[in-house]
Protein chains: 2
Amino acid sequence: MLSSGVTDVEMPEKLTIVDIARKAGVSIRTVSRVLNDSPFVNAETRDRIKSIIESTSYSPNSRARGLASNRSYLIGLVHDDPNGLVLDQVQRGIVDVCAAHAYELVVHPCNLKARDLIPQVLQFARRSRVDGIVVLPPVSENGALAQAIHAAGLPAAGIASVPVEDFPLMIVVNERSASAQVASMFYGKGHTEVGFVSGPLDYRSAEERRRGFLDAFERFGAPLAEDKIAEGDYSFQSGFDAGYQLISRNPSISAIFASNDRMAAGVLKAAFKLNRRVPHDLAVVGFDDSDVAGMLTPALSSVARPMRQLGSEAAKWLIDTAGVISKHETRHIDLQIILRESLP
Amino acid sequence: MLSSGVTDVEMPEKLTIVDIARKAGVSIRTVSRVLNDSPFVNAETRDRIKSIIESTSYSPNSRARGLASNRSYLIGLVHDDPNGLVLDQVQRGIVDVCAAHAYELVVHPCNLKARDLIPQVLQFARRSRVDGIVVLPPVSENGALAQAIHAAGLPAAGIASVPVEDFPLMIVVNERSASAQVASMFYGKGHTEVGFVSGPLDYRSAEERRRGFLDAFERFGAPLAEDKIAEGDYSFQSGFDAGYQLISRNPSISAIFASNDRMAAGVLKAAFKLNRRVPHDLAVVGFDDSDVAGMLTPALSSVARPMRQLGSEAAKWLIDTAGVISKHETRHIDLQIILRESLP
DNA sequence: TTGTATGCGTTATCAT
DNA sequence: ATGATAACGCATACAA
């Protein structure tokens, strides 16, 4: 079976549970007990076996394990184009937890706009036989997908800005309230004439951020006029266009909140073109606290989501419940605004 | 075995090869042949079985498959902190290929500076039993790790700026020559007084980029003086410091090449602080063509690596060779410079 | 507390 | 061209 290629040197022969059992002079059943932390093992026996396992580089074959126990020890991650920083952080958060439980992380980048998104994701789950999946926004906002996942009996943790039914674990990132906080900061610092760059309104996150910000200003008795609101599509260019429009049409504007960092970067550029100095003439705040925030000139203040922690939480829940889901659970996460140069 | 939790609705019963065999009125051996594209099957029988598989949502259990064939159908990705864009692109590139071959991608973010990096990576490979791994820079630059991986008999594809021995497939990204191209562009556009911001010289990539750029200017007969070279650590702040120093000490400088986009962003900021207009007074070029490049003001020209394609190539090789490595192979990849506003 | 034996869903050897 | 059947490495019902 093994190849005879040139690289096929004496690679350490694969040990099995049988080898360990023989070395320890016990049956494989006992070794299995030790591997699975069964309490019904003589302490001394357990220690002996454990030390043997330590000294050899034995690692139980998770495929065999999964085959016997009907689990895969795999967690899936389904996402589409979050900014890179988010992706890295989430993955690390998940792996942090996985490593401690001998689980692995399988990733499935997908295309939110694809017609066959749902069958694709389901097929991924079937093929890989992951024990559960973590779904990131904006994919997580797709209710039909969540429903399909649920119907397939696949444990899933959704991370989104609003509760999405059908996710057994729903981690709701409180973007609306964070956006309201941005409004408060603006208002508190004396910005009464402000602009808002919305994301595409078919994204729930965009809607949340919008409502949070606009409603707050209404409560302050200073609702934004139509011409102080622009809709972008989360792209840099759309942010530039929106910013350019807002600023040139409303010379009195002293602050702009953009629904993500990309668009905020576009606003900064528009301000530059229009000779507005940030933050002197115009304060700007973005959303995501992505990689770029600190690299822009001026550095961008932004709303941060603790993605690594969220990844860990989701993974921990999936592993702990081990497929036995007794009831759905919703958690709410509050966000923090990272202040940099663009909002003094 | 199955839980009785509330979510445990009628989930589509799992079909096995036995079910398919029965439906088709053949033995499982024949179904297995079809699944593995064996030529020794009657065309008609094959079609019948295939259509049955299509109509049911049967998907072979890769765990059982792996157990029997001693493969996992898993590809591992080992990396540490490339910029997020790189990560997403590489993962998509790998998954593109994996999906077509019923493989999955398992990720292992690690810490390059960790003392136990090597045992950690090896343990990851043992535990997950991946069939092969892709190692991204800068982790791939660690020769000792490559050696250990090789000694463990684990098929691996390394992506780095220089050939690293012991990687059966070595994809060398020609960063030196790309950097020389940047030098040529500078020189061709009349920039003779230029600055260079190097990465930390214990990174091979930093060394390559440095050599490429500096050597080129030597060949032009315009070698850079010491005070036109600064060393950063790939961070934004170090780029700012380096840029500030270079510009203030050398008022005549008309172009700066920074070894990555983060530092280039810092240079842009330094230029801004020192009232140099980019690109009018100062041209700037970065490296990575990361997410930020297009979002900076002015937009940053940068050297791009085709990470998605590289991911695909690496995965394809790992899957095609299927563990049977007859000889080591080295491929060279040329890069492209993406021109934006910062280099007119 | 420990061991025996069966089965998980495939692949692959050996028949036929 | 097709079919029994023994692995593969482990978990677990059942015995002891």
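The legends below describe close-up views of a predicted model.

**View 1. The surface near DNA strand D.** In this predicted model, 25 residues surround DNA strand D. The closest are A:Thr16, A:Ile17, A:Ala64, A:Ala68 and B:Ser27. Four helices each supply at least two residues of this surface: helix H2 (28-35) and helix H4 (62-69) of chain A, and helix H2 (28-35) and helix H4 (62-69) of chain B. H4(A) gives the most, with five residues. By class, the surface near DNA strand D holds twelve nonpolar, nine polar and four charged residues.

**View 2. The surface near DNA strand C.** Around DNA strand C there are 26 residues, and the closest are A:Arg29, A:Asn42, B:Ile17, B:Ala64 and B:Ala68. H2 and H4 of chain A, together with H2 and H4 of chain B, are the elements that give two or more residues to this surface. H4(B) provides the largest share of the surface near DNA strand C, five residues. The residues of this surface divide into 13 nonpolar, nine polar and four charged.

View 3. A:Pro155 sits in the loop between helix H7 (143-151) and strand S4 (156-160) of chain A. A:Pro155 counts as buried because 25 other C-beta atoms lie within 10 Å. A:Ala242 is 87 residues away from A:Pro155 in sequence, and the two are 40 Å apart in space, C-alpha to C-alpha.

**View 4. Strand S8 of chain B and its partners.** In a regular strand the side chains alternate between the two faces of the sheet. From strand S8 (residues 255-258) of chain B, B:Ala255 and B:Phe257 point one way, while B:Ile256 and B:Ala258 point the other way, and all are buried. Strand S6 (residues 194-198) of chain B pairs with S8(B) in the parallel sense over four bridges. One of the bridge partners is B:Ala258 in S8(B), which faces B:Val197. S8(B) is also joined by three bridges to strand S9 (residues 283-288) of chain B, and these two strands run parallel. Here B:Ala255 has B:Ala283 in S9(B) as its bridge partner. Together, S8(B), helix H11 (residues 261-273) of chain B and S9(B) make a right-handed β-α-β unit.

**View 5. The nonpolar cores.** The largest nonpolar core has 96 residues. Within this core, A:Ile75, A:Ile94, A:Ala314 and B:Ile75 have the most contacts. Leaving aside neighbours within four places in sequence, B:Ile75 is in contact with residues including B:Ile94, B:Cys98, B:Tyr103, B:Leu105, B:Val106 and B:Val130. Further contacts of B:Ile75 include B:Asp131, B:Gly132, B:Val134, B:Ala315 and B:Leu318.

Technical notes
Residues are numbered from 1 along each chain as its sequence is written. Chains are lettered from A and ligands numbered from 1 in the order in which they are written. This is a predicted model: local features need pLDDT of at least 70, side-chain atom pairs count only at pLDDT 80 or more; totals for chains, interfaces and linings use all residues. A residue is near a molecule or strand if its C-beta atom, placed from the backbone, lies within 6 Å of it. Ala, Val, Leu, Ile, Met, Phe, Trp, Tyr, Cys and Pro count as nonpolar, Asp, Glu, Lys and Arg as charged, and the others, Gly among them, as polar. A residue is buried if 20 or more other C-beta atoms lie within 10 Å of its own, exposed if 12 or fewer, and partly exposed in between; C-beta atoms are placed from the backbone. Two strands pair if DSSP finds at least two bridges between them. A crossover is right-handed if, with the strands pointing away from the viewer, the path from the first strand over the helix to the second runs clockwise. A nonpolar core is a set of buried Ala, Val, Leu, Ile, Met, Phe, Trp, Tyr and Cys residues joined through C-beta atoms within 7 Å. Two residues are in contact if their C-beta atoms, placed from the backbone, lie within 7 Å.
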